[in-house]
There are 2 protein chains.
Amino acid sequence: MLHKIDAYLETHLDDSIAELSRLVAQPSVGAQNWGIQECAALTAEMLRRRGFDVRILPTAGAPIVFGERQGQSDKTLLFYNHYDVQPPEPLDLWETPPFEPSLRDGKLYGRGVSDDKGHLTARLFALDALLAELGDLPCGVKFIIEGEEETSSASLPGFVRQHLDLLKADACIWEFGGVDHEEAPVQYLGLRGICYVELSVETAAIDVHSGLGGSIFPNAAWRLVWALNTLKGPDERIRLPGFYDKVRPPSQRDIELMAALPETAEVYKQQFGVRAFLKGLREGVELRVEEVFSPTCTICGLTAGYQGPGSKTVQPARASAKVDFRLVPDQQPEDVLDQLRRHLDAEGFADVQIAYLGGQAPARTDPDDPFVTLVGQTGDEVYGKPHRLVPLSGGSGPNAPFVHDLGLPVATAGLGHPDSRAHAPNENIRLDLYLKHAKHMARLMMAFAQ
Amino acid sequence: MLHKIDAYLETHLDDSIAELSRLVAQPSVGAQNWGIQECAALTAEMLRRRGFDVRILPTAGAPIVFGERQGQSDKTLLFYNHYDVQPPEPLDLWETPPFEPSLRDGKLYGRGVSDDKGHLTARLFALDALLAELGDLPCGVKFIIEGEEETSSASLPGFVRQHLDLLKADACIWEFGGVDHEEAPVQYLGLRGICYVELSVETAAIDVHSGLGGSIFPNAAWRLVWALNTLKGPDERIRLPGFYDKVRPPSQRDIELMAALPETAEVYKQQFGVRAFLKGLREGVELRVEEVFSPTCTICGLTAGYQGPGSKTVQPARASAKVDFRLVPDQQPEDVLDQLRRHLDAEGFADVQIAYLGGQAPARTDPDDPFVTLVGQTGDEVYGKPHRLVPLSGGSGPNAPFVHDLGLPVATAGLGHPDSRAHAPNENIRLDLYLKHAKHMARLMMAFAQ
């Protein structure tokens with residue numbers, strides 16, 4: 001049977017790539033409110049064609065496409081995907097237009113081919129093979145396909161909590177995944193949370209000449225610098241009272257898994273031009289563990305006063321900073337927001353305003369969960385290499401409601417490769433990995449149904 | 001004789017305004033390298049027409065126009081003016097085009113009418129009246145008219161030191177001056193110095209996603225914030241070692257003069273929307289003394305990472321701040337630059353680069369200098385109000401080489417008024433004050449010649 005399914009996938013690859021190309025040709029840029037409704041409708045239609053019972057459910061933001069279809073067993077696999085994409089800019093760096101998918105050298109280029117439309121169509125392609133060769137799906141399958149992933153999934157956690165029955169399943173496959181530099185498939189078993197804020201200060205109605213009142217007028221830029229300085233010093237310790245209270249240190253198993261991963265120090269130095277790491281770290285498992293298991297407080301941006309060439313003598317009336325906190329289990333973004341307000345007030349910075357620009361809770365799946373093992377094993381057959389388990393990724397995403405509210409093991413599997421350029425110009429997928437992902441997903445559903 | 005001179009000025013005002021209008025119509029925006037040579041030539045021609053021996057002297061920047069003409073007495077008065085102007089932007093806020101001078105409601109509008117072309121032509125107008133009625137100038141007159149005043153006068157101090165004989169004089173009238181809200185003529189008897197720097201940090205070759213390496217990569221914005229925080233805390237004390245060593249406190253006479261000036265607290269609150277002053281100050285002479293007699297460290301601008309709407313999760317590879325220090329006698333910008341480098345190194349911020357964007361030394365003239373008194377007395381006759389003496393202004397300018405290298409008393413007198421809008425759209429002068437300034441300068445030269 002597996003032989004037949006593989007043969008189906010190999011002979012029908014062009015059809016699936018054609019379907020993906022149609023989906024990519026429909027722009028769906030959430031940040032620019034461009035094509036969201038149209039893409040939701042197109043996505044729903046693709047599920048309906050496969051016999052799914054589909055609903056397009058409204059939220060305060062972009063609609064969520066939900067589809068379900070019964071299978072031969074009682075077990076249900078939930079796929080989480082998203083139909084929105086990052087903005088295509090800067091346009092001049094694309095070799096071919098972002099919304100005109102282009103095939104060359106075994107790769108398909110276009111905005112969203114990898115993140116996340118290709119993942120969606122490769123999974124549908126696996127369903128096509130199963131339906132063609134088995135006449136049915138081996139297990140029940142549900143899809144939840146949101147349209148706000150690239151703009152922080154604000155509606156998703158509430159939606160999940162309001163639709164626990166609808167979304168009931170036995171396990172979840174996450175939207176992304178792929179192979180690393182050594183072509184080994186990687187599973188990311190957790191995502192850090194995030195609390196993203198903008199801090200701002202206003203000290204006057206208008207900017208004032210710095211020759212006037214420099215000794216007696218408050219300066220918004222100074223207020224901001226001093227307030228930021230209270231958040232974290234060069235020792236990298238985040239100073240919000242209670243911030244570390246809920247941090248779970250990595251387990252011995254986590255450290256074992258991190259130790260088995262490839263060295264990153266030289267890669268980082270070459271890729272980003274970082275000359276030295278913080279906290280005296282140089283390389284090895286200590287560097288990798290610190291990277292993901294420590295929560296962070298990052299200044300993402302600073303703005304105040306004059307920023308052009310040369311000099312302008314002005315005292316800024318307004319200053320602001322974008323700051324993100326990456327959170328590890330069991331920290332919560334709402335707690336951090338509270339701690340931040342209380343800390344600033346206590347330090348004498350009640351004048352610093354906080355705008356909450358979004359947050360996500362951290363969540364992890366047990367690396368020894370049987371579903372994780374199954375996803376790994378079924379992949380090993382396809383990739384011809386043992387999979388690697390990353391207990392926690394440095395990035396963030398909306399996995400918490402799936403892990404904590406639906407109680408699902410969440411595993412990652414996908415068609416990404418290290419040069420996929422998600423979020424960047426010339427985003428691309430490799431067709432060989434597209435085919436492998438479809439073969440992997442078909443195998444997974446058959447094994448999962450048992 | 002004074003009556004004849006006044007009559008000449010009253011009947012020839014239109015001619016002088018026409019000459020000013022021609023000068024304003026010649027743009028001379030140093031920051032945009034626009035019309036500088038042409039305006040220098042036009043200025044030189046205006047002096048030549050009055051029988052001056054004129055030279056256009058090159059510098060590393062804009063040429064300096066120098067002119068001299070003997071008078072009836074051996075005494076020589078030096079006028080310092082500048083022919084460059086501020087950029088006219090934002091253009092859409094001008095009611096009439098900035099380089100098409102427009103007369104309405106007793107005011108002339110245009111870029112540079114007040115700062116500083118009107119001052120120059122009003123002084124030439126005074127010479128015209130003296131030449132017409134006396135047949136000669138009562139005293140020798142020299143003009144030094146530079147073209148880099150609006151871009152920090154980088155060439156001027158060196159030029160003065162190299163031309164001490166050429167510039168030899170007995171006293172100097174500064175480029176600006178005017179009346180306050182109560183129509184009283186004001187003399188500013190000193191200018192603070194300035195040391196303007198850009199601090200910058202680079203921690204990586206490119207910005208890095210904040211999900212990646214946030215715990216282990218250095219962040220340029222954090223480095224900048226911590227470095228700035230070492231310069232000054234909320235107690236407003238500037239922490240560079242040695243910074244205050246050369247600060248001269250105000251004398252009893254300075255405080256007497258400051259006490260005689262109008263209250264500023266409410267004006268500042270209303271004009272700038274400042275709610276409270278620093279250091280617990282509320283009003284009165286204490287507020288005014290602190291404003292100008294304390295040196296400052298002002299953040300004029302901050303730049304790092306993402307500054308657009310919403311959130312972007314990025315660790316900035318580069319961050320920079322524009323910082324100015326306003327200096328009081330006898331601080332020197334070169335000393336502060338040294339202190340800053342040594343301080344940053346000592347505090348662990350050798351990675352913070354300093355770009356020196358310009359500096360000027362502070363300088364003051366004795367408020368009881370006979371020339372200051374003479375300028376005041378000759379003005380009192382014209383303005384019908386006693387003049388006010390401000391021992392030190394909060395702003396900066398290149399008066400130090402005149403005071404310290406040429407050894408001249410420098411007094412200010414001019415045609416400005418509180419709504420002149422120098423550096424802003426709709427810059428204007430009042431024709432009544434233009435005429436008064438010419439009358440004042442004619443009287444001054446006659447009295448000075450004695």
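In strand 12 of chain B, Gly301(B) is the bridge partner of Gly305(A). The model is a predicted one, in which local features need pLDDT of at least 70 and side-chain atom pairs count only at pLDDT 80 or more, while totals for chains, interfaces and linings use all residues. Residues are numbered from 1 along each chain as its sequence is written, and chains are lettered from A and ligands numbered from 1 in the order in which they are written.

Strand 12 of chain A and strand 12 (residues 296-305) of chain B run antiparallel and are joined by five bridges. Strands here are DSSP runs of E with at least two residues, and helices are runs of H or I with at least four, numbered from the N terminus. Two strands count as paired if DSSP finds at least two bridges between them. Strands of a sheet pair through backbone hydrogen bonds, either parallel or antiparallel.

The contact between the chains takes 64 residues from chain A and 65 residues from chain B; two residues are in contact if their C-beta atoms, placed from the backbone, lie within 7 Å. On the side of chain A that touches chain B, strand 12 (residues 296-305) of chain A gives the most, with nine residues. By class, that side of chain A has 31 nonpolar, 25 polar and eight charged residues. Ala, Val, Leu, Ile, Met, Phe, Trp, Tyr, Cys and Pro count as nonpolar, Asp, Glu, Lys and Arg as charged, and the others, Gly among them, as polar.

Strand 12 of chain A also pairs within its own chain. Eight bridges join strand 12 of chain A to strand 14 of chain A, and the two run antiparallel. Thr296(A) stands opposite Arg326(A) of strand 14. Strand 14 of chain A also pairs in the antiparallel sense with strand 10 (residues 190-202) of chain A, over ten bridges. There, Lys322(A) in strand 14 is the bridge partner of Glu198(A). Nine of the ten residues of strand 14 (residues 318-327) of chain A are buried. A residue is buried if 20 or more other C-beta atoms lie within 10 Å of its own, exposed if 12 or fewer, and partly exposed in between, with C-beta atoms placed from the backbone.

Next come the domains. Chain A is assigned domain 1 (2-189 + 365-448) and domain 2 (193-247 + 295-360), with bounds from an automatic or database domain assignment. Their centres, taken over C-alpha atoms, are separated by 37 Å. The contact takes eight residues from domain 1 of chain A and five residues from domain 2 of chain A.

Chain A also has an open sheet of three strands in the order 8-9-17, with mixed pairing. Strand 8 (178-179) and strand 17 (388-390) of chain A are the edge strands, each pairing on one side only.

The last stop is a helix in chain B. Helix 10 (residues 370-383) of chain B has 14 residues and reaches 20 Å from its first C-alpha to its last, close to the 20 Å expected at 1.5 Å a residue; the expected span is 1.5 Å times one less than the number of residues. Its buried residues are Phe371(B), Val372(B), Val375(B), Thr378(B), Gly379(B) and Val382(B). Seen down the axis of helix 10 of chain B, these buried residues fall within an arc of 140 degrees, so they line one face of the helix. The arc is that of the directions from the helix axis to the C-beta atoms. On the other side of helix 10 of chain B, Pro370(B) and Glu381(B) are exposed.
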